[in-house]
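Hi,

Here is the structure I promised to pass on.

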Amino acid sequence: MKLLTKTHKYYLVFLVALAPVMIVVDYYLIRYMVNIEVNEILKHESERIKFQLEKEGELPHSSYMFDSTPVDETSTPFSQFNDTLIFETYADKLIPYRTYEFTALVGTERLKISLRHILLEMNELILGLFAATTLILMLLATGLFFISQKISEWAWKPFFRNLSKLKNYDITQKKQVHLEASGISEFEALNQVATALMNQVERDFQNLKEFNENISHEMQTPLAIIRNKMVLLLESQSLGEKELQWVQAAYQEANKLSKIGKALNLISRIENREFPRLDSVDVRAIIDNIISKMEEIIKFKDLKMAAKLNAARVKCDPILADILFTNLIKNAVQHNREGGYIRLLLNEEKFELENTGEVLQKETAQLFNRFQRGNTATDSFGLGLAISQKICELYGFRLGYEHHEGKHKLSLFFNS
Amino acid sequence: MKILVIEDNVELLQDIKNFLEREGNVCEIAPDYKTAYMKVGIFPYDILVVDITLPDGNGLDIIKETKKENIDVGIIIISAKNALGDKVYGLEIGADDYLTKPFYLPELNARINALYRRKVYKGSKEIVFNEIRIKPEKHEVFVNGRPMTLTKKEFDIIHFFVANKNRLLTKEAIAEHLWGDYIEMADSFKFIYTHLANLRKKIAELGGKDYIKSIYRVGYKFTDWE
């Protein structure tokens with residue numbers, strides 16, 4: 001989830017949770033205020049009435065007063081507020097009133113005087129006020145919400161711009177990434193860290209590349225010399241049968257070493273993305289070419305070849321495509337048994353390779369690791385599959401493998 | 001023919017020199033850019049064998065120099081880099097062939113011979129070994145004057161053998177010459193054996209002698225020495 005969406009989500013949750021509480025509080029607050037106001041009016045009126053009574057000895061006229069009844073003289077004086085509904089015939093319904101009852105002396109007589117104030121308008125007032133404040137509250141909340149959104153977007157803009165720059169960063173392209181300055185100290189700190197990291201990675205990458213180049217160069221020349229000297233030894237007449245065997249074994253191992261070096265070098269070059277071409281490669285032509293180069297060995301091993309190749313084009317480097325399909329097909333030929341079969345299927349989605357072979361002891365996942373061999377009888381270095389795997393990783397192809405009692409099926413999906 | 005080998009590793013340089021001189025060539029050596037530059041400028045050579053990485057310069061510059069000075073010489077690059085860019089660039093600026101280290105000396109020898117034939121004899125030169133006569137450009141082989149019917153691989157083998165006569169050719173060197181990376185070693189050895197059996201039979205049918213000697217399971221030698 002995006003950061004902005006996330007923060008806004010919490011704002012919204014807060015607002016939704018708080019709004020009813022605020023509205024309820026608001027309602028009761030206003031009602032309370034109105035009641036106080038009405039109470040004050042009634043109280044004020046009662047004060048006036050009492051004052052008049054004391055001064056003139058008779059009840060003054062009051063529009064609030066609706067009842068005055070004599071009460072027992074001995075009863076204790078009291079005053080109280082009440083909410084009540086009174087049936088008004090003119091309106092033919094019950095009307096809410098707030099009443100105030102109090103006792104007062106008129107001469108020696110004790111009167112219970114009731115004042116009332118209609119709450120009808122007050123209720124409307126409460127509703128009106130309540131609606132207005134709610135509206136204001138809502139407007140304020142949404143307004144703030146949008147403003148904060150805009151501010152966030154604006155403030156985060158340099159961050160997102162730098163982010164997309166970092167996303168497009170490709171170490172094999174020797175292009176420096178210049179991160180934008182934003183004036184926001186957190187972002188500046190992030191930029192500094194990112195730049196430092198990139199510099200470090202570039203240095204390491206460069207070192208690794210040089211190391212790989214050097215090692216392949218430095219290793220192959222001595223190997224060439226070793227091999228030459230061993231051939232001289234094998235040619236010389238002075239060695240006995242046993243010694244010749246030793247030299248032969250050493251010669252073969254030197255050859256293996258040289259192949260391992262070449263394969264590892266290729267893997268690291270793929271990992272370093274040194275094959276930048278993205279041609280639309282005609283896979284069928286490549287496979288046809290490989291099959292024609294292997295025709296002899298296929299015939300020699302008496303393999304039945306059935307190829308159903310449809311036209312297919314894949315975006316990749318043609319050299320790597322050639323290496324990939326050569327490896328896969330070579331593997332199927334090499335690990336086949338005499339008189340077995342190879343079936344090839346190619347279409348726009350996938351390349352499928354089915355062949356007979358020995359029963360494998362290894363797990364599928366292990367098979368693609370460097371130096372993992374399916375069986376130990378042959379002199380494959382297991383590097384072919386590792387190279388294939390690397391090429392697939394580079395282009396997002398997916399390699400699937402299954403085997404069942406000597407039948408192997410390898411599927412290469414071009415769009416994983 | 002006269003060959004100049006430019007290579008910074010002196011040991012490898014000696015190996016190449018010894019190998020090529022045994023074939024009856026005149027082989028000079030240059031362990032660095034300066035020496036190479038001087039020798040190319042002064043002496044005429046038929047073939048230059050150039051290593052790209054030199055201690056004091058780039059082998060590619062020597063190739064450029066010969067092209068600039070219009071020196072007519074066949075050029076073979078030997079490089080450990082195996083970088084395709086180098087290969088393409090090398091051939092673009094005028095090199096004739098490219099070999100990746102570590103290469104088999106018979107392979108280098110075969111390439112030098114082929115290049116020399118192309119350059120000097122325009123490919124028309126025949127290779128003769130006793131009763132066997134090879135016309136490389138036509139892919140034809142004659143034994144006692146009678147033409148042999150050979151598959152392409154059989155021709156490649158006999159051509160490679162005669163070009164490296166009297167030398168031990170290991171199975172690995174033969175396999176790489178014939179199939180490059182398209183075949184695994186274990187398969188190729190059996191395969192070579194079958195091809196050679198056929199070849200022996202075909203030569204014998206035309207009255208040729210069996211020159212293919214098996215050497216301690218490591219390889220073969222094409223020789224009329226006893």
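**Where H5 meets H6 in chain B**

On the H5(B) side, the residues Pro106(B), Glu107(B), Asn109(B), Ala110(B), Asn113(B) and Arg117(B) meet His159(B), Phe160(B) and Ala163(B) of H6(B). Sorted by class, that contact has four nonpolar, three polar and two charged residues. Bear in mind that this is a predicted model.

As for the geometry, H5(B) covers residues 105-120 and H6(B) covers residues 152-163; they pack at an angle of about 95°, and their axes are 9 Å apart. Angles from 65 to 115 degrees count as roughly perpendicular, so H5(B) and H6(B) are roughly perpendicular to each other.

**The sheet in chain B**

Next up is an open sheet of five strands in chain B, with parallel pairing and the order E2-E1-E3-E6-E7. Which strands sit at the edges? They are E2(B) (26-30) and E7(B) (97-100), each of which pairs on one side only. On average, neighbouring strands of this sheet are turned by 20° against each other, if you ignore direction.

Further in, E3(B) (residues 47-51) and E6(B) (residues 74-79) pair in the parallel sense over five bridges.

H3(B), residues 59-68, lies across E1 (2-6), E3 and E6 of chain B and runs at about 170° to E6(B).

**A helix in chain A**

Over in chain A, H4(A) spans residues 241-271, which is 31 residues. From its first C-alpha to its last it reaches 45 Å, close to the 45 Å expected at 1.5 Å a residue. Just after H4(A), Arg273(A) takes a positive phi of about 55°.

**Between the chains**

How many residues does the contact take from each chain? There are 40 from chain B and 40 from chain A. The size of an interface is often given as the accessible area lost when the parts come together. Here the area buried between chain B and chain A is about 3800 Å², and carbon and sulfur atoms give 54% of that. Within chain B, the residues that lose the most area to chain A are Pro102(B), Tyr182(B) and Glu184(B), together 21% of what that side buries.

Cheers

Conventions: Residues are numbered from 1 along each chain as its sequence is written. Chains are lettered from A and ligands numbered from 1 in the order in which they are written. This is a predicted model: local features need pLDDT of at least 70, side-chain atom pairs count only at pLDDT 80 or more; totals for chains, interfaces and linings use all residues. Side-chain values use heavy atoms; hydrogens and water are left out. Axes are lines fitted to C-alpha atoms, for helices over the stretch in contact, and angles run from 0 to 180 degrees between N-to-C directions. Helices (H or I, at least four residues) and strands (E, at least two) are DSSP runs, numbered from the N terminus. Angles under 35 degrees count as roughly parallel, over 145 as roughly antiparallel, 65 to 115 as roughly perpendicular and the rest as oblique. Contact means heavy atoms within 4.5 Å. Ala, Val, Leu, Ile, Met, Phe, Trp, Tyr, Cys and Pro count as nonpolar, Asp, Glu, Lys and Arg as charged, and the others, Gly among them, as polar. The expected span of a helix is 1.5 Å times one less than its number of residues. Two strands pair if DSSP finds at least two bridges between them. Buried area is the accessible area (1.4 Å probe) that two parts lose on being put together, summed over both.
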